[in-house]
Amino acid sequence: MGFDQIGNLWTAIFPLAVLLYYFFRKKYVTTTISSTLFWERSMRETKVSPYLKNLQRNALFYLQMAALLLLLFILLRPFLPKETVADGHTVFVVDASASMAAVDGDRSLLENSKVKMRAIAEERKGESFSIIITGKEPSLLLREETDQRHVLEVIDEIEVAYEYEQLGRSLEFVRSIAQQAEADVHIFTDYLDRSQFMESESGIAWTIHNNENPIDNIAIEKFGAIHTSDGTEAIVKLSNQTESKQTGKVFVNDGLTGARLAEQDFSVEEKADTLLSFKELPMLQAFHVHMEVEDDYAVDNDAFIVIGSESSEVIVDNQLHELVKKAFEAIGLTVSSGSFNEMTSARDHSMIVTNETSFLEEGSEPILLIGRNDAMTEPVSGSMESSNDALFSIAPIDDVYVSALYPPFDGFSTLAAIDGKPFIQRSPRGDIIILTDIGLTDWPLHPSFPLFFWSSMEMLRSGSDIAGTFSPNERKALLTGSGSEGIEVFTINDKYVATYPEGENFVAPAKPGIYKLMESGAEQYLSVQLEPDEKSVAFGSSYKLGAGPAGGGDREEGKQMIGWLFLIPVLLLLVIEWEVQRRRGYPN
């Protein structure tokens with residue numbers, strides 16, 4: 001034990017003053033004297049009474065001296081030595097992915113990690129802490145915070161974000177903030193392999209807190225559904241990740257209303273997969289599959305889907321301008337040229353781009369029509385006018401020059417016009433029609449040219465009521481209008497989630513499920529699906545790496561203050577002193 005403020009030793013004069021006071025204080029004893037003749041002699045005997053006798057019989061003296069000595073002891077700030085990090089900077093990297101919701105014992109893996117973090121924070125009171133949450137874009141909750149109370153509050157507020165952890169990005173982020181000073185980094189996850197670390201990293205010590213116990217898990221590995229002539233057909237793939245045979249039941253529900261549509265019992269061997277097929281389901285927009293089984297990880301027992309065209313293959317009519325195919329290639333789609341017969345055979349599983357007007361009445365999916373093969377163009381001049389449609393939200397066409405237009409289709413809505421004549425139309429089925437040939441415009445010279453085709457494909461792919469499929473917290477462009485109120489997101493039960501103003505990036509909700517998007521009164525549905533990497537929970541031994549502070553190389557002797565432990569005895573002594581004085585008073 002040591003003392004941090006030895007300079008406060010001067011306060012010892014206060015107990016010494018009390019001691020001297022009691023040495024020179026006269027002692028009075030109640031005495032019966034028969035005559036005043038003996039008064040002077042009696043007083044003389046009192047004055048020469050031994051001082052030690054005064055001290056031995058005065059309880060207040062001992063109480064006061066004890067209280068003063070304890071206060072002196074506290075002023076010297078006693079401490080016990082402890083080993084601490086030299087620079088005192090501790091970094092918590094917290095895996096908040098869905099797998100951390102798995103249960104180990106009575107708590108989830110994330111709650112177990114938070115218990116460990118709180119213990120480290122309390123042990124290292126006064127040191128600085130940084131907290132990083134993993135993900136595609138690692139978030140920094142705290143940066144070198146020394147207020148222990150605030151650190152503990154932030155730790156308590158950490159919740160599962162369901163997003164895949166992307167720990168490699170978080171490690172690079174840690175290295176960037178710790179490159180100028182040593183850091184003791186603690187990573188809390190289900191499992192992180194040693195291969196993620198370099199051979200030598202000076203100044204950084206790594207402590208990896210892995211999940212050390214295997215987790216029993218049966219997962220809905222895949223869930224798909226497709227509309228057929230007989231209704232909807234769904235296939236569910238289950239994966240048994242345990243060491244024993246598992247049984248349970250799978251339910252298929254309406255994703256919008258929750259109504260139960262079908263159910264099926266299953267049995268799957270250890271470390272094996274099984275497929276369940278559901279046929280003749282209703283023609284619905286969204287489905288929810290739920291699995292009832294006894295395991296330790298419940299997040300992957302549910303799966304959601306909204307049904308729209310998800311094809312990324314495009315067949316471009318070989319009669320169209322070559323720049324049309326180049327535009328689709330520029331936006332990352334699989335593009336091929338096709339004849340009329342090839343497009344006819346592929347129209348139900350690929351997106352068709354053509355000038356054959358007959359495709360407007362054939363097939364089950366909408367197409368992109370560029371020009372017309374059944375009419376002639378007429379010259380046009382004037383300014384371009386486009387509507388407030390989602391098709392033009394990221395690809396404005398107001399400065400595009402067009403020299404001639406084909407006749408419009410009756411009954412189709414007009415999205416853009418030149419001098420009052422329709423330029424771009426949409427059919428009731430959702431087909432998008434461009435009433436000119438690309439060679440009759442300067443459109444390929446504008447940046448909006450490939451962006452317009454991306455917008456067209458997104459709209460044709462998803463349909464008017466489907467916003468698409470997302471992973472948790474995924475940032476993705478949405479085709480929306482320019483309404484000033486922006487986009488509002490709600491759960492399927494009308495619980496508010498978030499608002500994204502016009503021009504702000506859309507971020508999908510974190511929790512898997514089906515959600516509603518509201519914009520200018522229009523309603524769309526989207527599904528958030530758990531990423532495949534989050535449908536299993538790994539485990540392994542915890543370990544330490546690095547020659548930094550936590551590795552035992554650069555450590556210093558810290559101080560654990562213990563003076564506050566003596567405040568209660570001081571208060572107790574003062575209470576006892578007050579009670580003695582109240583009952584007995586000072587000697588007369």
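Mentor: Go ahead. Keep in mind that this is a predicted model.

Trainee: In which sense do β17 and β19 pair, and what is the bridge partner of I315 in β19?

Mentor: Strand β17 covers residues 313-317, and strand β19 covers residues 351-354. They pair in the parallel sense, over 3 bridges. Within that pairing, I315 has its bridge partner in β19, namely I352.

Trainee: What is the strand order of the open sheet?

Mentor: The sheet is open and has 8 strands, with mixed pairing. Its parallel pair is β17 with β19, and an antiparallel one is β24 with β25. The order is β18-β17-β19-β20-β26-β25-β24-β22.

Trainee: Which strands stand at the edges of that sheet?

Mentor: An edge strand here has a single partner strand, so one of its sides is left without a neighbour in the sheet. The two are β18 (334-338) and β22 (384-386).

Trainee: By what angle are neighbouring strands of this sheet turned against each other on average?

Mentor: Direction is ignored for this value.

Trainee: Is N355 buried or exposed?

Mentor: N355 lies in the loop between β19 and β20 (368-370). Beyond its neighbours within four places in sequence, N355 contacts D317, Q319, L320, L369, I370, G371, R372 and N373. The cut-off for buried is under 20% relative accessible area. N355 has 11%, so it counts as buried.

Trainee: How many residues of strand β25 are buried?

Mentor: Strand β25 spans residues 421-426 and has 6 residues. It is largely enclosed by the rest of the structure, because the buried ones number 5.

Trainee: Which residue in the hairpin of β24 and β25 takes a positive phi?

Mentor: Strand β24 (residues 413-418) pairs with β25 in the antiparallel sense over 5 bridges. A417 stands opposite P422 in β25. The hairpin has 2 residues between its strands. The one with a positive phi, near 55°, is D419.

Trainee: And which residue in the turn between β25 and β26 has a positive phi?

Mentor: β25 and strand β26 (residues 432-434) pair in the antiparallel sense over 3 bridges. R426 has I432 as its bridge partner in β26. This hairpin has 5 residues between the strands. With a positive phi of about 115°, the residue is G430.

Trainee: Which residue forms a salt bridge with R426?

Mentor: R426 is buried, with a relative accessible area of 18%. R426 lies in β25 and the partner in the loop between β22 and β23 (404-405), so the pair ties together parts 37 residues apart in sequence. The closest N and O atoms are 3.0 Å apart, and the partner is D389.

Trainee: How many salt bridges does the count come to?

Mentor: A side-chain nitrogen of Lys or Arg must lie within 4 Å of a carboxyl oxygen of Asp or Glu. K136, E163 and E531 are linked in a network of such bridges. The count comes to 18.

Trainee: Which residues form the nonpolar patch with about 350 Å² of accessible area?

Mentor: One member is in helix α1 (residues 13-23): F14. F14 is partly exposed at 45% relative accessible area. The patch on the surface is made of W10, I13 and F14.

Trainee: Last one: what share of the protein's residues counts as buried?

Mentor: The protein has 11 helices and 33 strands. Its accessible surface is about 30400 Å², with 51% belonging to carbon and sulfur atoms. Of its 588 residues, the buried share is 46%.

Methods. Residues numbered from 1 in each chain as written. Predicted model: local features only at pLDDT ≥ 70, side-chain atom pairs only at ≥ 80, totals over all residues. Heavy atoms only, no water. Pairing = 2+ DSSP bridges. Helix = DSSP H or I, 4+ residues; strand = E, 2+ residues; numbered from the N terminus. Axes fitted to C-alpha atoms, helices over the stretch in contact; angles between N-to-C directions. Buried < 20%, exposed > 50% of the residue type's maximum accessible area, 1.4 Å probe, protein only. Contact = heavy atoms within 4.5 Å. Patch = residues over 30% accessible without salt bridge, like charges linked within 9 Å, V, L, I, M, F, W, Y side chains within 5 Å. Areas by Shrake-Rupley, 256 points an atom, 1.4 Å probe, with all protein chains shown as cover.
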